[in-house]
Amino acid sequence: MKIVDIRATTVAVPLEAPLRHSNGAHWGRFVRTIVEVEADNGLVGLGEMGGGGESAESAFRALMPYLKDHDPFQLEALRFKIANPTASLYNNRTQLLAAIEFACIDLIGQHLNVPACDLLGGRVRDAVPFASYLFFRYAAEGYDEIRTPEQLVEHTRQLKAAHGFTVHKLKGGVFPPDFELECYRALAEAFPDDRLRYDPNAVLSVAEGLRFGRAIEGLNNDYLEDPVWGLEGLRTVREQVRVPLATNTVVVNFEQLASNVLRRAADVVLLDTTFWGGIRPCVKAAGVCETFQLGVAVHSSGELGIQLATMLHLGAVLPNLTYAADAHYHQLRDDVIEGGKMAYSEGAIAVPSGPGLGVRLDAEKVARYAEFYRETGGYPYDRDPGRPGWYATVPNDRFADPTVSLEIAP
């Protein structure tokens, strides 16, 4: 089996409403680039990468000279062909590699007629549990804003009823820490039997991180995720707060993982199949974490169904996955895969059982959302449409005003 072609298509898929985070916002849609890797036997493997547009499509096309006639089974050679660690100082291709790796694993699974998880060691679970991913958001047509503790609790109640979530993750860093602490405590009071997580995307100062962490010590926490920036900042908070710390920002490669093992700053490593350069590096990293008794969870970087499938196959094979995974997925209005969005059941999503990643493209929806991308374009992830001229600093001290209500068109 040899690679004969690579195609990339950027799509924009609508969200229920614009989602706010500490560094900006998702402006009412996810922009993703869908990758199709065709083999000489007629099979097509699927990959996905965040962001997109003409530059992403060109970047994938530019890999064709590297990959023409490459055997998809040769995954280690693929890694060095695309993302040699010294060459990557000049042409960082980690996320490109991830999308191609997804597609190659999909090709291998289809060729052998086995699901991807069987290529990764075999499943130890048939469904992967997820946390509700809670965002402060702007109002949009058909969807209410989420800004106050009361609105947040009601939204969480609706998600729990619809999908069965028993773990709730609040994406913070938008409003002043004291206000978000009030919101977090409201969740704890409303759902006393459920577990909680808070993630301000590393914008708190060390002093604020310590204060927030100490204030939630008595709640039913899974962990406090990236309260401050950097391994040293996390280490300072971890030494003084009795809540496990997690990160997806500063342990995203093996050098950083080694540093965290030698001088522990985070107790839980959130593994992202894109940030780490593929599914296989995440499996390797989970093995290191298992050895050194670090917790692992599956991170979400804003997925459609293809990347969600990679997250599910990863979650299926990790015996030390003791935390529910993250997913933005329930925030989407639609997907580009056949059959529409995958369904939650009791807070979990079943691992696809078909060959490879187990998902296929809906050609009509790909065309529709590619056109929607051409109409709407991209957006700056690190800007907020409701705060013109604003940008975040780290640590940040210019938080949004929780008394201001806005509606932003998707």
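**Exercise 1. State how much accessible surface the protein chain has and what share of this surface belongs to carbon and sulfur atoms.**

Solution. The accessible surface of the protein chain comes to about 15,700 Å², and 51% of this surface belongs to carbon and sulfur atoms. Such areas come from the Shrake-Rupley method with a 1.4 Å probe, and for residues only the protein chains shown count as cover. This is a predicted model, in which local features need pLDDT of at least 70 and side-chain atom pairs count only at pLDDT 80 or more, while totals for chains, interfaces and linings use all residues. Residues are numbered from 1 along each chain as its sequence is written, and side-chain values use heavy atoms, with hydrogens and water left out.

**Exercise 2. Describe the largest nonpolar core and the contacts of I6.**

Solution. A nonpolar core is a set of buried Ala, Val, Leu, Ile, Met, Phe, Trp, Tyr and Cys residues joined through side-chain atoms within 4.5 Å. The largest one has 124 residues, of which I6, F60, I100, F130 and L271 touch the most other members. Helix 4 (residues 94-112) supplies the largest share of this core, 11 residues. Contact means heavy atoms within 4.5 Å; leaving aside neighbours within four places in sequence, I6 is in contact with residues including V35, F60, L63 and I100.

**Exercise 3. Find out whether N113 and D226 are buried or exposed.**

Solution. Buried means under 20% relative accessible area, exposed over 50%, and partly exposed in between (1.4 Å probe, protein chains only). N113, in the loop between helix 4 and helix 5 (116-119), has a positive phi near 60 degrees, and at 59% relative accessibility N113 counts as exposed. D226, in the loop between strand 10 (221-225) and helix 9 (231-238), has a positive phi near 45 degrees, but at 0% relative accessibility D226 counts as buried.

Key:
Helix = DSSP H or I, 4+ residues; strand = E, 2+ residues; numbered from the N terminus.
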